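Hello,

Here is the structure for your files. My notes follow it.

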Amino acid sequence: MQVPEELQYTKTHEWMRQDAGEAVVGITAHAQEELRDVVFVELPKVGKTVKQGEPAAVIESVKAAFDIYAPVSGTVSRVNEAVAKTPQLVNQDCYGAGWLFAVNPSAPAEVSSLLSAEAYAKQIQAETH
Amino acid sequence: MSSALTAGSLQKTALHERHRQLGAKMTDFHGWDMPLYYTSILEEHQAVRQALGIFDVSHMGQVLVTGPDAQATLNRCLVSDLTQVGEGRACYTLMLNESAGILDDLIVYRIGAQDYLVIVNCGNRGSDVAWLQAHHEGRTTVTDISQGRSIVSVQGPLASRVLEQMLDAKVAGLARFGIAPVRHMGPEACIARTGYTGGDGFELFLPDAHAKRLWDAILSAAQPLGARPVGLGARDTLRVEAGLRLYGVDMDAATSPFEVGLEWTVAANKPDFIGRSALAHQRLQGLTRRFAGFELAQGPIPRAGTELSVEGRIVGAVTSGTFSPLLGKPLGMGYVEPACAAPGTTLTMTVRNQRYAATVVKLPFWKGQTKQPAIPNMERTPDAGS
């Protein structure tokens, strides 16, 4: 399972990339694999305040709807309009074109509670075995 | 349907090992460990629409109703007129209670002059058999023959050609809702031109011993043509696209055949059957809700229980929904006030505080196709299942 080294992760299978003060968020390869067939993505509105660990977006696969939790608190600065139009991008390229939204973090210290690639890889290994 | 139910464990079909080998994601379906999907619900759905899909539906109940009065028993317990179903034919029908609530929807296959094979929903197997036994007429034997038997469903435009070349049985010449014996697979092995996808397809009722070999033979012959094993996930998306109701989801014992739009199954001229007088009463009373299909241009999948409204007033709720890969949009079915059930009516579906416009459309959403694409001849393998 692909777990890029440079990203940070949540226990709930989101990834976060810190990029010029902005936190870009998506779901992991493991999560999209579990969801399969993504057919609808509901993104937060730009300017919305999100809190770490609370639902910020929704992804629906044919099977069910899944909450996507904010890895850090802050204000939504950008959303991926392309993924709202073409939800399959989440399955096709979850770490790239299938990103979901970006946040301007309000509590930078929260980042320390996120998982490293190594720790996240261990967690999904424990979950699947 | 072989393994015994032990405490806390799920029942397994004869093909269970195959599903694991194929890497299926399994799910608990009414106490059965069944494949939800093998690779992707949407890809499996498309395989059935474009080529061929093979399903293990051995969890469904197989009930034999035989004897000189078998027809009278079924005519009493079911809404259809079984005198109109000749040998080698089948009908989709309903079993009602005295208040005309639907106990089950089922297909009755007439496999002999006095012999009927009844396929029932797995969750109703025990209660259906008990009901038929309790209400039998004269000399009728009702036997649950599910144990040790499988049902392999082969659906899609290529199904007829593939099976024709593989089985020693009438296949391509079989009429829709026809049934014929598959002699080399045992005395009660049958093939029927029925299914739950809205398109062309066949269901094979056969002893467990033949199920694996048939499954393997179909897959190896048809996989190069785009065939796939298909799980219950796509079985559900296919049946929604075809507007087919699911018992326990779209209807139950509190549902009348009129409400769910299945009154066409009722033989109006039949002198008597269980539920008849209650049905006559319902017809006079009129309906308070009606089953309807609707589609969204875009938006979330309509999920069971989601409220439907018109101008801010709740008029009904969703019972089934999916995303149609063929039509490229979300589809839903459910109950609404009769005045809101007409095609063209705009409903509002509210999901997570967001409103989405939904338009009532005539069911089915997808009407099927009769054209069968040409495929190259395959080597005939008459011993595929022997």
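Strand 18 (residues 346-351) and strand 19 of chain B run antiparallel and are joined by 6 bridges. Strands here are DSSP runs of E, at least two residues, and helices are runs of H or I, at least four residues, numbered from the N terminus. Two strands pair if DSSP finds at least two bridges between them. In this pair, B:Leu347 stands opposite B:Ala358. The hairpin has 2 residues between the strands, and B:Arg352 takes a positive phi near 50 degrees there.

Strand 19 (residues 354-361) of chain B also runs antiparallel to strand 14 (residues 290-296) of chain B, with 4 bridges. B:Glu295 stands opposite B:Thr359.

This is a predicted model: local features need pLDDT of at least 70, side-chain atom pairs count only at pLDDT 80 or more, and totals for chains, interfaces and linings use all residues. Residues are numbered from 1 along each chain as its sequence is written, while chains are lettered from A and ligands numbered from 1 in the order in which they are written.

Next, the core. The largest nonpolar core has 145 residues. Such a core is a set of buried Ala, Val, Leu, Ile, Met, Phe, Trp, Tyr and Cys residues joined through C-beta atoms within 7 Å. Buried means 20 or more other C-beta atoms within 10 Å of the residue's own, with C-beta atoms placed from the backbone. A:Phe101, B:Leu52 and B:Val108 have the most contacts inside this core. Strand 6 (residues 102-110) of chain B gives the most to the core, 6 residues.

Regards

Technical notes: A residue is buried if 20 or more other C-beta atoms lie within 10 Å of its own, exposed if 12 or fewer, and partly exposed in between; C-beta atoms are placed from the backbone.
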